[in-house]
Amino acid sequence: AARIRQTKNMKVKIPAGVNNDSSIRISGGGEAGEDGSGDLYLRIKVNPHKEFIREDYDIFSDKEISFSTAALGDKVEVETVDGPLKLIIPAGTQSHTEFRLRGRGVPHPNQRGARGDHYVTIKVRVPKKLSREERDMLEKMRELDI
């Protein structure tokens, strides 16, 4: 039996939440043999994201907020894999506080509806340059030991 080399294009559904270096088997997508076509195995490479860090099924990201937002509290918009989400920042939030967004991480490919979490670390932005008015306000706050 002669073999003929050929290229075949096919659409493959990649399941949400697939891990780096995992394999997907495509039944009958491989080389033809005496018993029919063999299987094709695809090795998946997941590229890193510029804002998110993935660990298993959890996602980690940072959100920079102003000093006044940290002190007074507010709602801020954070990016998730599902799109933007409003995060409530309580008054008095300290820099490097971590907020957990339950169920907003990576889907588990073998567990229907199960997802990891998304952890957002708050980073308080300290201004490098202050106007005279801003400086005066901060001096008053320091006098009050705030």
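D56 sits in the loop that links β5 (53-55) to β6 (58-66), where strands are DSSP runs of E with at least two residues and helices are DSSP runs of H or I with at least four residues, both numbered from the N terminus. The structure is a predicted model, in which local features need pLDDT of at least 70 and side-chain atom pairs count only at pLDDT 80 or more, while totals for chains, interfaces and linings use all residues. Residues are numbered from 1 along each chain as its sequence is written, and side-chain values use heavy atoms, with hydrogens and water left out.

D56 is not a glycine, yet its phi is positive, at about 55°. With a relative accessibility of 63%, D56 counts as exposed; here exposed means over 50% relative accessible area, buried under 20%, and partly exposed in between, using a 1.4 Å probe and protein chains only.

At the β9 end of the order, β9 and β10 pair in the antiparallel sense over four bridges, and R100 has Y119 in β10 as its bridge partner.

A second pairing involves strand β7 (residues 74-80) and strand β8 (residues 83-89), which run antiparallel and share seven bridges. A hairpin of two residues connects β7 to β8, and D74 faces I89 in β8.

I89 is also one of the 11 residues of the largest nonpolar core, which consists of I65, A70, V76, V78, L87, I89, F99, L101, V120, I122 and V124. Such a core is a set of buried Ala, Val, Leu, Ile, Met, Phe, Trp, Tyr and Cys residues joined through side-chain atoms within 4.5 Å. At least two residues of this core come from each of β7, β8, β9 (98-101) and β10 (118-125). β10 gives the largest share, three residues.

The loop between β8 and β9 holds T93, which is buried, with a relative accessible area of 9%. Leaving aside neighbours within four places in sequence, T93 is in contact (heavy atoms within 4.5 Å) with A70, F99, I122 and V124. A polar atom of the T93 side chain lies 2.6 Å from the backbone oxygen of P90. A70, in turn, touches I65, P90, A91, G92, T93 and V124, not counting residues up to four places away in sequence.

H96 lies in the loop between β8 and β9 and, although not a glycine, has a positive phi of about 75°. H96 counts as exposed, at 57% relative accessibility.

After α2 comes D145, with a positive phi near 60°.

Note on methods. Two strands pair if DSSP finds at least two bridges between them. A polar contact is a pair of N or O atoms within 3.5 Å; within protein, one must be able to donate a hydrogen and the other to accept it, and residues adjacent in sequence count only if both atoms are side-chain atoms.
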